[in-house]
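Good morning, and thank you for coming. Please look at the model on the screen while I take you through some of its helix contacts, its domains and the surroundings of its ligand.

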Amino acid sequence: GCYNDPERAGLDAKSVFDGMTEHLFFTLGKLAPTASRHDLYMALSYAVRDRLMMRYLATTEAMRAHPQKSVAYLSAEFLIGPQLNNNLLNLGIQQEAEAALRNFGIESLQQILDVEEEPGLGNGGLGRLAACYMESLASLKIPATGYGIRYEFGIFDQLIRDGWQVEITDKWLKGGWPWELPQPDEACFVGFGGRTESYIDDKGSYRSRWIPAEHAIGIPHDVPVLGYRVNICDRLRLWRADATESFDFYAFNIGDYYGAVEEKVGSETLSKVLYPNDGTDEGRRLRLKQQHFFVSCSLQDMLRSLDNRGLPVEDFPKYWTVQLNDTHPAIAVAELMRLLIDDRHMDWDKAWDITSRSVAYTNHTLLPEALEKWDLNLFSSLLPRHLELIYEINRRFLQQLRLRYPGNDAIQRKLSIIDEDGSKAVRMAHLATIGAHHVNGVAALHSDLVKTDLLPEFAELWPEKFTNVTNGVTPRRWVALANPELSTLLNEHIGEDWISNMENLRKLEERQNDQGFLEHWGNTKLSVKRKLASYIHRNTGVLVDPSTLFDVQVKRIHEYKRQHLNVLQVITQYLRIKNGQADGMAPRTVIFGGKAAPGYYMAKLIIRFINGIAETVNADPDMDGRLRVVFLPDYNVKLGEQVYPASDLSEQISTAGKEASGTGNMKFAMNGALTIGTLDGANVEIRELVGAENFFLFGKTVEEINDLKRSGYNPGAFINAMPELQEALRLIEMGHFSNGDSELFRPLLDNLTGHDPFFVMADFADYLRAQEAVSLAWTDRMHWNRMSLLNTARTGFFSSDRSIGEYCENIWNVGPLNVDITC
Ligand code: 26Q
């Protein structure tokens, strides 16, 4: 059939207007003269969705008629951000939409974009990475489904009250969300709990089967993901948990009405809320239920897609490549085995061959507190059949180890999927590593550390399994959409091709000594900073000067990310101004943003600390024009789009070896911010690419940190050598930043002066030195603009198109959809 219907889905302004009018009337039940901005947002979104639908159905049809391998990206989080503007950009109809809106009395598209509520279906970097990867997959025409959970409540909204974080539930669905299509006819059943029993099948073989105690139904909600200026459209398939009344109908008949209703309530709770911890595994039962729920639905869905096309289940690896975004979906290894062995009656070796040729695993963390371990009792009570299968996977693996390392019992204990030191637990990273054909880290340094520190014995056993794919971010959202001013400048001077081929930004280097161009470059940045200054004034009441250096740290609040190192440096600057020793110091606006996990006390205290310093500094007339401190509440994708383009300096100051990659660092650099950073995560590669002379490096290396640890780190020794730091700590202790309250920040001070687990004191002096180098560089603005330009010119490598290209080539072995879907 033909999916190109210009009558209903043309891309000109008139067609968009007609589509809006129709949706206002028939879908929304509104008349144009009384339509609110939200109504117009909905009408435009539905009109855009119609245009995605054609491409989506054409893609589905092409995949049915000419099956080829498709990517299943399994992730508990997809932090996709606002959808409307991205879809307009990728369709190429931003101006047409603006023109259509003018007919409804709206002057700028922005007024309508502001109304959009973003789905916060992720915590931070990992969830946002999954969203960038889906966009790049579609742009590269790779058939793909992102499988995840449709949380009813995403990451909490953050308010700041008296300097403290307050969490508010995120009701992102309240106004209706036009981008999803529920597909109840494709629902899946998932079991939980109960027991297993053995039986003899009709061929006389012993088998095990699972008799779950309860069930949930997963209803897929599909979100189309359109690539940039291409006609193929991928999808996110997010599962919403529903009740299973039909299964328990009899409960009504025997009079246990409340019992049956309780089960309904229980199963609906499954997809109710996103766990807001990034980094700490609390080992909660509901979290494991969520993981199994979405993984089981997704694998059943993949198998069904083979059935529907008449393809044999043995060909699973030929048609699906399954990527595990961290260990959150690692239960997939056991669940695919269960579906093949129990449901499809396959023998073990065949099932294992299929599973281990299909699944690959990305590791995102080395932090021990973030590595998922499930208590054995909890695991067996929820997934008894999976535990049996894991024992068998483990038995065979340990047998292999015995042959390779005879007599070495220690290595078996160390690599076993079951942790037997202390109370027993299932180690999900081991399950994922054993089940996967590839294991990758997310930046060069991190992938090395995965091999040398996290899983060294596995890396020795299977050296060819371990690889690196450095993260990337989509240039569509993070430059073309977020920074229209810079995009216009780029388009004028090097053409538009950079949007789909970021390495073309290199052409900018020809302009690095062109004074006029550098001035233009600086003025473009300034005009974007004015917009952020106005946002800051509207949302925090703080007046900031756009001509000052915008020094920015936005990311989740974590001790390892060291926002407190930044704050201590701000206090030093404050003291230098107070003491008349601030000659040569660049006037700065220091901007923070980020959420703390609700149960992470120290992170919440760091937010209070930032706000305490901000209050004192901003109220002091001596600071006028020289220093301002701002905490931006409720940092999310939408706010990020305003912040990265308006930044001069990007703070990437984690303790070396702790930040797996970072992706904010890439968004800043592409938008022309200079980085002050440690040799951690992708900072290492950013510095190599932009050149050491265009990067402010400081801090101890991974090796130096390890040496300090070995020799017994004593923060006191570092503090004693720095009178300025002592003075800063003394002021905090006296309550200078807390209205005289000398107790408020004591836990933070005790932490830093006592154990200082993230080596803040050890890196302080060098950080201060690097910040002085920043100030010095800022005084020569043309030189600064040149460095800024070179950051943009040389960071095309960090496009997620490059990352996805590497996954396709080295891990997935997939190629673009090679079917012409136009008609
Ligand atoms: C685990 C168990 C129980 C509850 C929650 C979790 C959980 C949830 C989210 C653990 C970790 C996360 C998120 C981790 C994350 O965002 N990691 C970041 O991933 C980015 C993309 O690769 C990297 O750039 C960052 O360096 C890394 O911190």
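Predicted model: local features only at pLDDT ≥ 70, side-chain atom pairs only at ≥ 80, totals over all residues.

In helix H12, the residues Ala 334, Glu 335, Met 337 and Arg 338 meet Arg 385, His 386, Leu 389 and Ile 390 of helix H15. By class, this contact has four nonpolar residues, one polar residue and three charged residues. H12 covers residues 332-343 and H15 covers residues 384-404; their axes come within 9 Å and cross at roughly 100°. Angles of 65 to 115 degrees count as roughly perpendicular, and H12 is therefore roughly perpendicular to H15.

For students new to this kind of description, two packed helices are described by the angle between their axes and the distance between the axes.

Let us turn to a second pair. Helix H22, residues 515-540, and helix H33, residues 781-793, have axes that come within 9 Å and cross at roughly 80°. These two helices are therefore roughly perpendicular to each other as well. H22 contributes Gln 515, Leu 518, Trp 521 and Gly 522 to the contact, while H33 contributes Arg 781, Met 782, Asn 785, Arg 786, Ser 788 and Leu 789. Sorted by class, these residues are four nonpolar, four polar and two charged.

The crossing in which H23 passes H32 is right-handed. On the H23 side, the contact is made by His 564, Leu 565, Leu 568, Gln 569 and Thr 572; on the H32 side, by Val 760, Asp 763, Phe 764, Tyr 767, Leu 768 and Gln 771. Six of these residues are nonpolar, four are polar and one is charged.

I now move to the chain as a whole. It is divided into domain 1 (1-65 + 86-116), domain 2 (66-82 + 118-470 + 806-812) and domain 3 (489-798). The C-alpha centres of domain 1 and domain 3 lie 40 Å apart.

Between which domains does the ligand lie? Domain 2 and domain 3 both give residues to the shell around the ligand, so the ligand lies between these two. Of the 24 residues around the ligand, Gly 125, Leu 126, Asp 281, Ala 660 and Ser 661 come nearest. Helix H7, residues 125-139, supplies the largest share of the shell, three residues. The shell divides into six nonpolar, 12 polar and six charged residues.

Thank you for your attention.

Terms used. Residues numbered from 1 in each chain as written. Near = placed C-beta within 6 Å. Helix = DSSP H or I, 4+ residues; strand = E, 2+ residues; numbered from the N terminus. Nonpolar A, V, L, I, M, F, W, Y, C, P; charged D, E, K, R; others polar. Domains from an automatic or database assignment. Left-handed = near helix turned anticlockwise from the far one by under 90°. Contact = placed C-beta atoms within 7 Å. Axes fitted to C-alpha atoms, helices over the stretch in contact; angles between N-to-C directions. Parallel < 35°, antiparallel > 145°, perpendicular 65-115°, else oblique.
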